[in-house]
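Me: I have this one open on my screen and would like to go through it with you. Please keep to what can be read from it.

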Amino acid sequence: MQTTPLSEAPFMRVLILITVFLAFPMTLTARADSLKQLQQNLPTRVLNWTAEPADQFYDPATIFSYIDGGAEVYKAYHMQQCFSRRYANPGAPAIVLDIFDMGSSLNAFGVFTHDTDGEVLALGQDARLKPGWLSFWSDRFFVSIYTEEETPAAAQAVRALGQQVAGRIKPQGAKPRILARLPTEGLDSGSIRYLHHPVVLNYHYYLADENILDISHRTPAVLARYQRDRKEARLLLVDYPDPQSAEKALAGFLKDYLPDADSRGAALLENGRWAAAELQGQLLAVVLESDTRQLAVSLLAQVFNSK
Amino acid sequence: MPPQKRVITRRDFLRTGSCVVMGSLMGLPLIGQAAGQSPPPSRVVLVRDARVTTGYGSLQPATLENMLDQALTTLLDAPDPASAWQQLFKPADVVGLKSNVWGPLPTPASLEDAIVHRLLRLGVDAQNIAVDDRGIRRNPVFEKATALINVRPMRTHHWSGLGTLLKNYIMFTSAPWSYHGNACERLGAIWHKPQVAGKTRLNILVMLTPLFHGIGPHHFSRTYTWPYGGLIISTDPVAADATGARIIQAKRNAYFGTEKPIGPRPLHIEAADTQFGLGQSHPDRIELIKLGWNQDILI
């Protein structure tokens, strides 16, 4: 079966590469200016909280000094710049606004999907609220607003600030095209994780101590959970730059992870669940864990029939 | 030709029916006892005092010092604190105190000061004592250290599930990120590096206002700290961490009103026991001595 390639034709990719290369310095400046521009329009006061005088900017080299530990996630999604502003209110916990320019809406969406627990809010292009923390994505920005301690007044201010910031960013970011390849039946949309770094995959689903699927910035991938008739499965889709790369990745995966796969690429795991893999063109689909073989095979079939 | 490195996969973990794989699979020796031998239980002292803190940001240094002395004396069955310190350190030692400077929840300076003061009183030369965290790989005292003291607050952690005593040594490596795979399961390997191996004489897990849940990029909110008012002290870092982990897990369950597993699961504690032979992680192999305040002790 022939599948529609997700990337452009080779000559188009070369053209895009040349264009990006020539425009690179200008693009960086434009992005930095844009976050600066956003800064000018942000509120200096929210309810009883007032912005502290010194806003901060961090780049990929300095972000580790600001975010200890978790910065690697933002780096994995190609963070360009982070803007930070603190709002103070004497006798109340500070509120911290961080806006990450992720360089593209795809990466902003991706870093948002890293943690999607919490109450869904209609803010930006998608938002979550949990005690002490509001996050949303819009266009190429990921926005985090947290309070150092949850109080009713601080919670109110966090929401108000979120509304104001969201109102200053046009919610026009495109989502990754690979999401469209996920079968919809039984899909837990809250479980979707968009990624292109093996560290992020291993965080959500530990596969191996090596990058056995050759996941990189050139391979957009999506991980999602399914439930059908009380049976569960996890599906991973990886879009490689070309069929040869995809074939190589599949061969490596079968060798290291599913050497006992049957003719349909399925194998019974040691925990009684099933894993299976199938490749068509440059799209690799892997059912990492499925309660039944039938569900695994059915998911793979639907991936390649859903174009 | 060198042997090809074997890829360790999730299926290896599933095969062993455990979260950790055999040391031989990792190309590392299983350190510890010969077959049939069983090491004695690791002693861990949990000391608590309701007066030491009323919550995040508050601390009574004098109370903290008393807790430290009481715990160490009990840990080593010593007649008094001075004798206890003498059991662990000699005046000729060069001592690196591995601290933790994480902004929202650092090792309390007053605890560092109390330890340094006791080393000085023991006769250790001031120039042979250093307190450091991120600069330890360039710190001359740490470079020639004959003894290490490991002291840090316990907290939840984005990559490893828990920021533990075991994890506190990650700054001894040049590439900390390389240990982030599988919830930092391989952290125990750091403890076998030459600049660390066999040098740690004392581990102090600070449980004054632990962080039991993390949110956002900074993984912190005071909302998820509480005044537990404790110190966990042991010569076995694994046993101390395992004890702290049980308390954090119990607090999470109590706070959220449901089973709320630490995420990601802190595999490195169990791995440090079964894979790297650094100590004992199972409660039935830990002799836990509780001192002081007992209310809401969670363990």
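**Backbone, rings and a sheet**

Me: What does B:Leu298 count as, by relative accessibility?
Reply: At 30% relative accessibility, B:Leu298 counts as partly exposed, where buried means under 20% relative accessible area, exposed over 50% and partly exposed in between, using a 1.4 Å probe and protein chains only. This is a predicted model, in which local features need pLDDT of at least 70 and side-chain atom pairs pLDDT 80 or more, while totals for chains, interfaces and linings use all residues. Residues are numbered from 1 along each chain as written, chains are lettered from A and ligands numbered from 1 in the order written, and side-chain values use heavy atoms, without hydrogens and water.

Me: What about the phi of B:Leu298?
Reply: B:Leu298 has a positive phi of about 70° although it is not a glycine, and B:Asp296 likewise has a positive phi, of about 50°. Most residues other than glycine have a negative phi, and most peptide bonds are trans.

Me: Where is B:Asp296 found?
Reply: B:Asp296 is in the segment after β8 (286-292) of chain B, helices (H or I, at least four residues) and strands (E, at least two) being DSSP runs numbered from the N terminus. With 55% relative accessibility, B:Asp296 counts as exposed.

Me: Which residues does the cis peptide bond join?
Reply: The cis bond joins B:Gly263 and B:Pro264, with omega about -10°, and B:Pro264 lies in the loop between α7 and α8 (267-274) of chain B.

Me: Changing topic, how many aromatic pairs are there?
Reply: Over all chains there are 23, counting rings of Phe, Tyr and Trp (its six-membered ring) whose centres lie within 6.5 Å, with planes under 30 degrees apart called stacked, over 60 edge-to-face and the rest tilted. One of them is B:Tyr224 with B:Tyr255, edge-to-face at 5.8 Å centre to centre and 75° between the planes.

Me: Why does that pair tie together separate parts?
Reply: B:Tyr224 lies in the loop between β6 (200-211) and β7 (230-234) of chain B, whereas B:Tyr255 is in helix α7 (residues 237-256) of chain B, so the pair links parts 31 residues apart in sequence. B:Tyr224 counts as buried at 2% relative accessibility, while B:Tyr255, at 40%, counts as partly exposed.

Me: And in chain A, what is the strand order in the open sheet?
Reply: Six strands run β10-β11-β12-β15-β14-β13 in chain A with antiparallel pairing, two strands being paired if DSSP finds at least two bridges between them. β10 (187-195) and β13 (266-268) of chain A stand at the edges with a single partner strand each, so one side of each has no neighbour in the sheet.
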